[in-house]
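This report describes selected features of one protein model. The sequence and the structure are shown first, and the description follows.

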Amino acid sequence: MPAEGGLLRWTETRAGGPDWDRPVLVAVPHLTHLSVTQDANGYVHFVGRREQGKADGRRVVDVVYAIQYQSGRAVSQWRSLGNPHKDAESAARLGRPVVVVTAAGMVHIFVRNADGGLTLRREQSDGKWRGWEDRNDSGIEGSLAAIALSSGRMELFATTDGGTLQWSQKQAGGALGAGYPSSLAVVRDSVAVLETGPDRPTYYWTDPAGHGVVAYRAGGWPVALGGAPGEGSHAATRAFLDGYDCTVLAHKGVDGTAVVGVGVTENEANGVWWSDTGVRCLTTPALAQDAFGRVVVAVVGEDGEPRTARQTDEPGLSLSGWNSL
């Protein structure tokens with residue numbers, strides 16, 4: 001969670017909770033945005049956009065990277081990966097980086113550059129970093145949604161002024177390919193992505209026409225799922241509920257409360273059942289599963305305090321009372 005001087009981290013005192021250790025400050029000042037992912041080995045990768053003010057009034061923007069090798073352990077030193085732009089004016093317009101790690105363990109960082117194009121920086125197999133690579137695209141607006149699939153392939157999705165761009169590897173380790181354009185209508189900065197089948201991602205976003213949440217898979221048509229999302233993105237995870245493979249979604253609703261939805265995975269036609277938790281939140285809720293496979297919902301309340309609710313043994317997705325950390 002963002003805090004003065006860096007990030008605050010809480011860790012369960014034992015697997016499955018419900019108790020948590022006191023927060024630990026991970027020092028990394030001047031972050032404006034953060035992307036986090038966990039690889040197949042359980043390592044957690046952090047990539048942030050840092051913006052520092054200098055005495056002469058300049059704003060210096062760079063991308064920083066760190067890794068945590070074990071839950072509850074210290075985070076490595078933050079390493080600057082620089083900025084693809086050399087001049088300060090362009091560098092200051094750098095977008096929000098997003099990080100993915102392939103099944104082979106290769107770290108990839110994508111970011112919208114100052115010209116609205118896609119720029120990539122990636123780690124080599126020997127641990128060294130390649131330079132920034134310009135993908136020669138244009139028109140990107142807002143944040144990116146990226147995923148590393150279980151097959152080893154990567155996919156990437158971005159909104160543009162007139163629709164979307166989608167990049168896809170044909171095979172693991174292959175070229176990312178050119179961005180495929182569409183005229184799909186998407187609210188900027190609302191896209192989330194989840195692997196809902198083997199090597200098959202589903203994208204979720206807010207419909208600008210007021211039809212709530214939309215689900216989309218390549219080759220199909222967007223499907224309206226209902227709900228009443230407010231500003232921000234969506235959270236998505238898969239969990240077995242009552243013996244069914246289900247997709248759990250969460251967002252900050254139009255009334256400012258955390259809203260959770262459940263539906264059978266890739267069976268959008270049968271609908272999603274939405275439930276307003278009644279708990280007000282500042283940003284998009286987070287979803288995870290604990291050591292026993294129970295769904296955990298986390299929010300930052302309007303008072304700035306983090307709270308969690310955990311799936312109970314009741315049928316469906318019944319949540320416990322909210323626990324302040």
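## Aromatic pairs

The structure, which is a predicted model, contains six aromatic pairs. One of these is formed by Trp 205 and Tyr 216, whose rings lie 5.8 Å apart, centre to centre. The angle between their planes is 40 degrees, and the pair is classed as tilted.

This pair links distant parts of the chain: Trp 205 belongs to strand β17 (residues 200-206), while Tyr 216 belongs to strand β18 (residues 213-216). The two residues are 11 residues apart, and both are buried. Trp 205 and Tyr 216 also take part in a cluster, in which ring pairs link them with Phe 157 and Tyr 203.

## The four-stranded sheet

Between β18 and β19, the antiparallel pairing extends over three bridges. Ala 215 stands opposite Val 223, a residue of β19.

## Nonpolar cores

The largest nonpolar core has 14 residues. Those that touch the most other members are Phe 110, Leu 118, Ile 140, Leu 144, Ala 146, Leu 156 and Trp 167. Two or more residues of this core come from each of the elements β8, β10 (118-122), β12 (140-148), β13 (154-160) and β14 (164-168).

Another core, of 13 residues, lies apart from the largest one. Its members include Ile 67, Val 107, Ile 109 and Trp 129.

## Two loop residues

Thr 11 is located in the loop between β2 (6-9) and β3 (24-27). Is Thr 11 buried or exposed? Its relative accessibility is 16%, so Thr 11 counts as buried, since the limit for that class is under 20%. Apart from its neighbours within four places in sequence, Thr 11 is in contact with Trp 20, Asp 21, Ser 71 and Gly 72.

Gly 105 lies in the loop between β8 (98-101) and β9 (107-112). Because its relative accessibility is 38%, Gly 105 counts as partly exposed. Gly 105 and Ala 40 are separated by 65 residues in sequence, yet their C-alpha atoms are 7.6 Å apart in space.

Note on methods. Residues numbered from 1 in each chain as written. Predicted model: local features only at pLDDT ≥ 70, side-chain atom pairs only at ≥ 80, totals over all residues. Heavy atoms only, no water. Phe/Tyr/Trp six-rings, centres within 6.5 Å; stacked < 30°, edge-to-face > 60°. Buried < 20%, exposed > 50% of the residue type's maximum accessible area, 1.4 Å probe, protein only. Contact = heavy atoms within 4.5 Å. Core = buried A, V, L, I, M, F, W, Y, C linked by side-chain atoms within 4.5 Å. Pairing = 2+ DSSP bridges.
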